[in-house]
Amino acid sequence: MPRARRMILGHVMSGLCSKMNRTKQLPADLMETPLNRCLNTFDITLLGIGHMVGAGIYVLTGTVAREMAGPAIVLSFILAGLVSLLAALCYAEFGTRVPKAGSAYVYTYVSIGEFWAFVIGWNIILEHMLGAASVARAWSGYVDSMLGNIVANLTMELTGEMHEQLLAKYPDFLACFVCLSYAVALATGVKATAMINSILTTVNVAVMALVVVLGFWYASPNNWSLPGQGFVPFGFGGVLAGAATCFYAFVGFDSIATAGEEAKNPSVSIPLATILSLCVVTVGYVLVSAALTLMIPYNEINPAAALPEAFGMRGITWAKYAISTGAICGMTTTLLGSLFALPRCIYAMASDGLLFSCFGKVNTKTQVPLLNLAVSGVCSALLALLFDLEKLVEFMSIGTLLAYTIVSASVIVLRYRPISVEETVHLAPDTPGTDEEDGGPAPLPGTTAPVAPTGGGIDSSSQSSTIDPSSPTSEMIEIALAGRLRPQFRWLEPVLGRCEPGVACSGAVLMFCVLSVAVCFQLENSWDELYHGTWWALGLYGFLLFCLVACVVVISAHHQNTRGLQFKVPFVPYIPALSIFCNIELMVHLSFLTWLRFFIWLSIGMLVYFLYGIHNSKEGELGTSYSMLMSTNEAIRGWGATSTALGGGSKVTVTKIIKGRISRKTTVGDRQAIVDDDDDEDS
């Protein structure tokens, strides 16, 4: 009887793991959607700029300069922008692969699996909800400061203060009303929203330019070298703390990826808009913070309304009103960006069956998920009503950083994982023929590449010099070699030779993430010992860094498959690995209370997933569809099927191209990499 129970439990756990690890199967036509594909590159770029340039520049700038970094806020924004750029490059590559709503959620679903996709999607919901609430709170506070705190004083007289540590000092009814009003405005349709966003963003950028010009005109270099203070008054630790806070100002670029299902040409618009908007915003933040700290000493900055007060101190009263107008426009576009992305993420998860089906419906008239928008607006309004800006911003960062980390890891995993190839493909007339015409032995099990035949066959070590990279033959060779050891790394074959293609890389990515957590925690807790050269600290860090480098070497020792990508992250796996490490380093600096709130929210999500999502997922027992992601012609011709992407010609198996047999092993409910198939006939 105990043995029967163990068998039943083993079967249940096996099925559970299979469901949690199943990946999203993409439709044959990825461009098909019930949403309205009406956004061009310019619209999406302004959407990203508008989402990023808001509360960050008008609220965070004064706080970070006064209390954390001083004039070195310039370095803080540069560091935060570089970390964001690393993640943005990964988002841009996935945006060309999967032009669907859902951003990091969809990217994780097609590359890692359903469970981690739900975790990321659940955190993205929280991120955008907190983002909308925090900007609404900043919008309210900014307007209230312009009116002499009339709103705050009147509210406290009517309702009194909320004497609770986790809540705000008083309920902010103005912020609540702002959230609800903008949610109603977004219900008119995506094109009208994009037009409003473009106008407000243009005004905001013009105001930023005015701040920079006037700020440098009235600049005093002495403000960067105050007696006893210098350029870095709080030390390098203050610069890092400022960078962790400034990171909040850049989180809006993932709304660009969320708009992938409403872009006319996502494979071009998404990467271009992502990189362009992030560069523009980073330059703008650096110039504005430099102008602010050059105009007045950092210790005289008013954190509540830094820019207007700075110009008021210089006697430029008319500029105060222009800056206030830009601030309202900027925070409005940021709020619109959060409320734009949030319902679309909920829609993507509901369409896959992981959230309740009622959230997967789109209004046929406006082509907007109205129920999702209503729920998003109400929840964001309640958060803005009860919590203050500081608590919202800190809680928001952890979900964002986790999403960035998993997206960066997904880029590496998908680059080195073999894709499913159809048993037969159409080849161009000039490609080699069948085995009957020119045969060759099958590749030996565990070898890194197919063994070349004696009579003028293709050698994997010299294929780049003998095969035209643009030919269908070269494309299929690259697909077949993905995840296999490179010839120059054959010395690793005794250790990795028996691993199926792609498995070693996935394991190395997981190990790199675990080691990064260990290194970052040690840096946080034992930095003094390392700084003073304590022997055990040097030995421990040396060992951990050696293991980190070894993980990267193992990944880079394998072949990649980059076919069909109109935008590719450069220097893979180095840039995604650096992004993973930087994101984990920033997460380690978050407070314990932030982590506690995060685990509470995650626990609620686990109840939703295991009680509803895992049983209603539309993937069911379907396999994966990595072949949909890699074909160049798919992106050009509506993302068609792989088997028809290579043009006319005779049908032959893939193994005829590389002079060896390659087949797929499939199991129900699980995915397997492409492996070498034993050829009994040749043996």
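Setting aside residues up to four places away in sequence, tyrosine 58 touches Tyr142, Asn204, Val207, Met208, Leu307, Ile323, Gly326 and Ala327. The model described here is predicted.

Tyr58 also belongs to the largest nonpolar core, which has 167 residues. Together with Tyr91, Phe118, Ile125, Leu335 and Leu355, Tyr58 is listed among the residues that touch the most other members of this core. Helix H6 (residues 114-146) gives the core its largest share, 19 residues. A second core is separate and holds 12 residues, including Leu39, Ile44, Ala263 and Ala273.

## Serine 289

Serine 289 sits in helix H12, which spans residues 266-295. With a relative accessible area of 0%, serine 289 counts as buried because this value is under the 20% cut-off.

A polar atom of the serine 289 side chain lies 3.0 Å from the backbone oxygen of valine 286. Beyond its neighbours within four places in sequence, serine 289 is in contact with Thr61, Ile73, Val74 and Phe77.

Leu75, Ile78, Leu79, Leu82, Val232, Phe236 and Leu240 make a nonpolar surface patch of about 570 Å². At least two residues of the patch come from each of helix H4 (73-97) and helix H10 (235-246). H4 supplies the largest share, 4 residues.

Valine 232 is in the loop between helix H9 (190-217) and H10. Its relative accessible area is 34%, so valine 232 is classed as partly exposed, a class that lies between the 20% and 50% cut-offs.

Notes:
Residues are numbered from 1 along each chain as its sequence is written. This is a predicted model: local features need pLDDT of at least 70, side-chain atom pairs count only at pLDDT 80 or more; totals for chains, interfaces and linings use all residues. Side-chain values use heavy atoms; hydrogens and water are left out. Buried means under 20% relative accessible area, exposed over 50%, partly exposed in between (1.4 Å probe, protein chains only). A polar contact is a pair of N or O atoms within 3.5 Å; within protein, one must be able to donate a hydrogen and the other to accept it, and residues adjacent in sequence count only if both atoms are side-chain atoms. Contact means heavy atoms within 4.5 Å. Patches are made of residues with over 30% relative accessible area and no salt bridge: like charges are joined within 9 Å, nonpolar side chains (Val, Leu, Ile, Met, Phe, Trp, Tyr) within 5 Å. Accessible areas come from the Shrake-Rupley method with a 1.4 Å probe; for residues, only the protein chains shown count as cover. A salt bridge is a side-chain nitrogen of Lys or Arg within 4 Å of a carboxyl oxygen of Asp or Glu. A nonpolar core is a set of buried Ala, Val, Leu, Ile, Met, Phe, Trp, Tyr and Cys residues joined through side-chain atoms within 4.5 Å.
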